[in-house]
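I opened this model to look up its strands, helices and cores. My entries follow in the order I made them.

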Amino acid sequence: MELILKYFPDLTEEQRRQFESLYPLYEDWNSKINVVSRKDFDQLYLRHVLHSLAIARVCTFEPGARVLDVGCGGGFPSVPLAILFPEVQFTSIDSIRKKITVVEGVVEGLGLKNLTPVCGRAESLKERFDYVVSRAVTAMPQFLPWVWNKIEKGQHGSLPNGILYLKGGDLAEELGETGKRWYLYDIPRFFEEEFFETKKVVYTPKN
């Protein structure tokens with residue numbers, strides 16, 4: 001929790017309570033349904049919560065913005081982002097039912113009103129969104145067709161509507177195959193911990 005306050009010191013009391021509740025909630029759910037690797041569970045705030053919040057260092061979502069988290073797993077990056085942006089509407093989708101069961105339990109435990117968990121595939125959603133977020137679900141040439149027509153043009157945050165994707169390593173070839181223009185933000189610019197050394201937020205606008 002100190003790690004979150006180090007970089008986000010201006011949280012409200014409610015946000016602090018919700019962030020503090022993440023560990024016991026995930027610990028309880030993870031004992032029933034393993035969605036966070038047991039070997040790095042002690043690093044939950046570093047490797048999952050703070051990593052998710054790197055997106056907030058790249059783009060601040062406006063109140064009323066609609067954000068879709070694709071392949072959300074146990075709720076990352078959408079759960080930490082929903083705590084940080086209580087006026088933004090999040091939808092978390094994953095095709096694996098047990099993962100969505102965990103997200104539902106965490107959302108209920110936190111009292112999060114602005115996150116809707118959905119079990120299914122992104123391609124089947126009828127709604128449209130301002131931003132799509134995700135964390136290394138698949139290679140970008142496969143990911144892009146799932147979501148591109150779900151994003152509306154416009155700007156409902158500090159960047160134009162588009163995709164914000166957490167990824168690591170050398171991405172030049174993979175991103176080059178998409179035919180889109182990508183902007184890369186090195187997470188060590190925002191967070192000094194060694195874990196983030198090769199990690200990035202990659203962004204492309206819908207224009």
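**Sheet, E7 side.** I started at Asp186 and found that its bridge partner in E7 is Lys200. The model is predicted, so I kept the limits in view: local features need pLDDT of at least 70, side-chain atom pairs count only at pLDDT 80 or more, and totals for chains, interfaces and linings use all residues. Residues are numbered from 1 along each chain as its sequence is written, and side-chain values use heavy atoms, with hydrogens and water left out. Element names are DSSP runs numbered from the N terminus: helices (H or I) have at least four residues, strands (E) at least two.

E6 and E7 run antiparallel, joined by four bridges. Next I checked E5 against E7: this pair is antiparallel too, with seven bridges. There, Ile163 stands opposite Thr204 of E7. I count strands as paired if DSSP finds at least two bridges between them.

How many residues of E7 are buried? Seven of its seven are. Buried means under 20% relative accessible area, exposed over 50%, and partly exposed in between, with a 1.4 Å probe and protein chains only. I then sorted E7 by direction. Lys199, Val201, Tyr203 and Pro205 point one way, while Lys200, Val202 and Thr204 point the other way. In a regular strand the side chains alternate between the two faces of the sheet.

**Whole sheet.** I traced seven strands in an open sheet, in the order E3-E2-E1-E4-E5-E7-E6, with mixed pairing. Its edge strands are E3 (115-119) and E6 (183-186), each pairing on one side only. Neighbouring strands are turned against each other by 20° on average, direction ignored. For such angles, axes are lines fitted to C-alpha atoms, for helices over the stretch in contact, and the values run from 0 to 180 degrees between N-to-C directions.

**E1 and E2.** I looked up this pair next. E1 (residues 66-70) and E2 (residues 89-94) are parallel over five bridges. Val70 has Ile93 of E2 as its bridge partner, and Asp69 stands opposite Ser92 of E2. Four of the five residues of E1 are buried.

**Helices on the sheet.** H3 lies across E4, E5, E6 and E7, at about 140° to E5. H5 lies across E2 and E3, at about 160° to E3. Contact here means heavy atoms within 4.5 Å.

**H3.** This helix covers residues 44-58, 15 residues in all. From first to last C-alpha it reaches 21 Å, close to the expected 21 Å. The expected span is 1.5 Å times one less than the number of residues. Where does H3 bend? I found a bend of about 35° at Leu50. That bend is the angle between axes fitted to the seven residues ending there and the seven starting there. H3 is mostly covered, with 13 of its 15 residues buried.

**Cores.** The largest nonpolar core has 58 residues, and Leu22, Tyr26, Phe61, Val79 and Leu164 touch the most other members. A nonpolar core is a set of buried Ala, Val, Leu, Ile, Met, Phe, Trp, Tyr and Cys residues joined through side-chain atoms within 4.5 Å. Which element gives the most to this core? H3 does, with ten residues. Apart from this core lies another of 19 residues, among them Leu144, Val147, Trp148 and Tyr165.

Beyond its neighbours within four places in sequence, Tyr26 is in contact with residues including Val36, Phe41, Leu44, Phe76, Val79 and Val102.

**Cis bond.** I noted a cis peptide bond between Phe76 and Pro77, with omega about 15°. Pro77 sits in the loop between E1 and H4. Most peptide bonds are trans.

**H1.** Leu3 is in this helix. Leaving out residues up to four places away in sequence, Leu3 touches Tyr45, Leu46, Leu50 and Glu193. Leu3 and Val49 are 46 residues apart along the chain, and their C-alpha atoms are separated by 9.5 Å.

Lys6 is also in H1. Is Lys6 buried or partly exposed? I read a relative accessible area of 41%, so Lys6 is partly exposed. Leaving aside neighbours within four places in sequence, Lys6 is in contact with Glu192 and Glu193. His51 is 45 residues from Lys6 in sequence and 14 Å away in space, C-alpha to C-alpha.
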